[in-house]
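Thanks for asking me to look this one over. Please have the model open beside you while you read.

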Amino acid sequence: AALRSWTVGSDTWNYYADFCVDSGLSYAEILIRYEGREPLFHLFSHAVSLISNNPQFFMAVVSAIVAIGFSVFAYKQKGNLLLIYGLFVTFRIFSFTCTGLRQAIAMGIIFFAYTLLDRKNLKYGILLIVLASLFHTSAILALLMIPLKMINKNGLVITSCILIGILNIALGGAIASFVSEFLFVDRFSGYLEKDFAFTASSTFILYVLMFALVLYAHKTIARVDNNYWPTMRILSAAIMFSLLGQALPNLFRLTYYFIFPLFALFGLWVDLRSKKSKIFPVTIFLILALQYIILGTGGG
């Protein structure tokens, strides 16, 4: 990621140019220039430029934040580690972090914050989520993970989240439009003016299939993972935002804050199914790799 060209990724060139501008401004000038639009990202850009004003170095720093955050998350999981990383790449989250650099920083922080959302470290997890939201406002939604983990009503939470997503389809994308306006104000108003069209992407279909698989195998997985049901409640929110995102593409990016625990649960399920043979995990990995290559990486 750090070695990619500025031409890789649909939005990378914008961040490349922004870094060049930010490096020549003072902190005060940045606060005035970006008033009301997450100035912390640009303040961070300027701070990085004090070490090196080469934009490629800035991309390396962002890449490191993503890599460290996800690695801390992966390290603390019980699932197949290689498969967890494989899913991170083949489900195009990695490629998104190569182009949406502001949200990439927020996501890197959220990956780490997720590991602290227990009673002992909760305050640190909350602080990290708030910090992530200062880079990208949408990250504040990750606070939903806290009540989802605490409310011990599995059927109610999972069913409610999925029903909200389905209701959005029935209402012609009204819920998606409301959430988008609330989080992004007028930045994506052009998308809201288009007619509603539900399109089930290949990534969305795979999310649903994997979610259904780990839900079906709940007895097996819950025996070895005490956090199974709290994780499933969080994943139900991921499916909800994924459903909303089928109506409004820019809303799909909210799924990234909630979907990554699915990689660990799915990896654990694969491990439990393949204690005597490695054919199954290798087959799963090859299928994921092939769809990634054939259907493309996404993100430009």
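My notes follow as numbered points.

1. First, the ground rules. This is a predicted model, in which local features need pLDDT of at least 70 and side-chain atom pairs count only at pLDDT 80 or more, while totals for chains, interfaces and linings use all residues. Residues are numbered from 1 along each chain as its sequence is written, and side-chain values use heavy atoms, with hydrogens and water left out.

2. Buried here means under 20% relative accessible area, exposed means over 50%, and partly exposed falls in between (1.4 Å probe, protein chains only). Helices are DSSP runs (H or I, at least four residues), numbered from the N terminus. As background, nonpolar side chains tend to be buried together in soluble globular proteins.

3. Ile110 deserves a click. Setting aside neighbours within four places in sequence, Ile110 is in contact with Ile129, Ala132, Ala139, Ala142, Met145, Tyr257 and Phe260, where contact means heavy atoms within 4.5 Å.

4. Next, H16 and its partner, helix H17 (residues 279–295). The two pack at an angle of about 145°, and their axes are 8 Å apart. Axes are lines fitted to C-alpha atoms, for helices over the stretch in contact, and angles run from 0 to 180 degrees between N-to-C directions. On the H16 side, Phe266, Trp269, Val270 and Arg273 meet Phe280, Pro281 and Ile284 of H17. By class, this contact has six nonpolar, no polar and one charged residues. For these classes, Ala, Val, Leu, Ile, Met, Phe, Trp, Tyr, Cys and Pro count as nonpolar, Asp, Glu, Lys and Arg as charged, and the others, Gly among them, as polar.

5. Also in H17 is Ile293, and this residue is exposed, with a relative accessible area of 63%.

6. What lines the second largest pocket? It has 18 lining residues, and Lys76, Gln77, Tyr114, Lys149 and Asn227 are the closest to its centre. About 370 Å³ of space lies in this pocket. H16 gives the most to the lining, with four residues, and by class the lining has seven nonpolar, six polar and five charged residues. A pocket is an open set of points, on a 1 Å grid over the protein atoms alone, where a 1.4 Å probe fits, with protein on both sides within 12 Å along at least five of seven lines; lining residues have an atom within 4 Å of a point. Grid points are joined across faces, edges and corners, and the volume is the space filled by probe spheres set on the points.

7. Helix H4 (residues 55–75) holds Val66 and Ala67. Val66 counts as buried at 5% relative accessibility, whereas Ala67 is partly exposed at 42%. Beyond its neighbours within four places in sequence, Val66 is in contact with Phe88, Thr97, Ala104, Gly108 and Phe111. Ala67 and Phe94, 27 residues apart in sequence, are 9.3 Å apart in space, C-alpha to C-alpha.

8. Most residues other than glycine have a negative phi. Arg92 is buried, with a relative accessible area of 11%.

9. Arg102 sits in helix H7 (residues 101–114) and is buried at 6% relative accessibility. Ser49, in helix H3 (residues 39–49), is buried at 10%; leaving aside neighbours within four places in sequence, Ser49 is in contact with Phe19 and Ser23.
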